[in-house]
Amino acid sequence: GKFTKHLLSSGKFTLFWQDPWHGQGVLSDRDSMLDDRVIWTPNNKGVFNVADTFEKMRAPRPVSKIFDLCWDSCTLPRHGFILWKTLKKVF
């Protein structure tokens, strides 16, 4: 009402859309200004994609210094594999 204020704690007795709890009227009257949107948080643009979701879900793995040495773009896959197997036994 005009002379009342809603002091929110648990919100148990406050109706989110029907009560004027925020001081600018009832939210259900302002629905044209309030477009609900769902934002996908793993992606910076708010758009779902599998790659970003997978990166957020998987457990972080320590970066191996051997990996960059063995799997360089200039290294032949066969040589990288042999080097990886050799270095893995050393470390």
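A contact here means heavy atoms within 4.5 Å. With that in hand: in this protein, of the contacts with a separation of 6 or more, 2% are between residues 24 or more positions apart. Please keep in mind that what you see is a predicted model.

Let me start with the overall layout. The protein has three helices and zero strands, and the order along the sequence is α-α-α. There are 91 residues, of which 12% count as buried.

On confidence, the mean pLDDT of the protein is 75, with 75% of the residues at 70 or more. By helix, α2, residues 65-70, has the lowest confidence, with a mean of 77, and α3 has the highest, at 85.

Thr53 sits in helix α1, which covers residues 50-57. Is Thr53 buried or exposed? Its relative accessibility is 12%, and the limit for buried is under 20%, so Thr53 counts as buried. Which residues does Thr53 touch, leaving out those up to four places away in sequence? They are Trp40, Pro42 and Phe48.

Next, helix α3, residues 77-90, where Ile82 lies. Ile82 has a relative accessible area of 43%, which makes this residue partly exposed. Ile82 also belongs to a nonpolar patch on the surface, together with Phe67, Trp71 and Phe81. The accessible area of the four residues together is about 400 Å².

Phe81 brings us to the aromatic rings. Counting ring centres within 6.5 Å as a pair, there is one aromatic pair. The partners are Phe81 and Trp84, with ring centres 5.9 Å apart and planes at 40°. Why is this pair called tilted? Planes under 30 degrees apart would count as stacked and over 60 as edge-to-face, so a pair at 40° falls in the remaining class, tilted. Both residues are in helix α3, three residues apart, which is about one turn of the helix.

As for how exposed the two partners are, Phe81 has 44% relative accessibility and counts as partly exposed. Trp84 is also partly exposed, with a relative accessible area of 28%.

Technical notes: Residues are numbered from 1 along each chain as its sequence is written. This is a predicted model: local features need pLDDT of at least 70, side-chain atom pairs count only at pLDDT 80 or more; totals for chains, interfaces and linings use all residues. Side-chain values use heavy atoms; hydrogens and water are left out. Helices (H or I, at least four residues) and strands (E, at least two) are DSSP runs, numbered from the N terminus. Buried means under 20% relative accessible area, exposed over 50%, partly exposed in between (1.4 Å probe, protein chains only). Patches are made of residues with over 30% relative accessible area and no salt bridge: like charges are joined within 9 Å, nonpolar side chains (Val, Leu, Ile, Met, Phe, Trp, Tyr) within 5 Å. Accessible areas come from the Shrake-Rupley method with a 1.4 Å probe; for residues, only the protein chains shown count as cover. A salt bridge is a side-chain nitrogen of Lys or Arg within 4 Å of a carboxyl oxygen of Asp or Glu. pLDDT is the predictor's confidence in each residue, from 0 to 100. Rings of Phe, Tyr and Trp (its six-membered ring) pair if their centres lie within 6.5 Å; planes under 30 degrees apart count as stacked, over 60 as edge-to-face and the rest as tilted.
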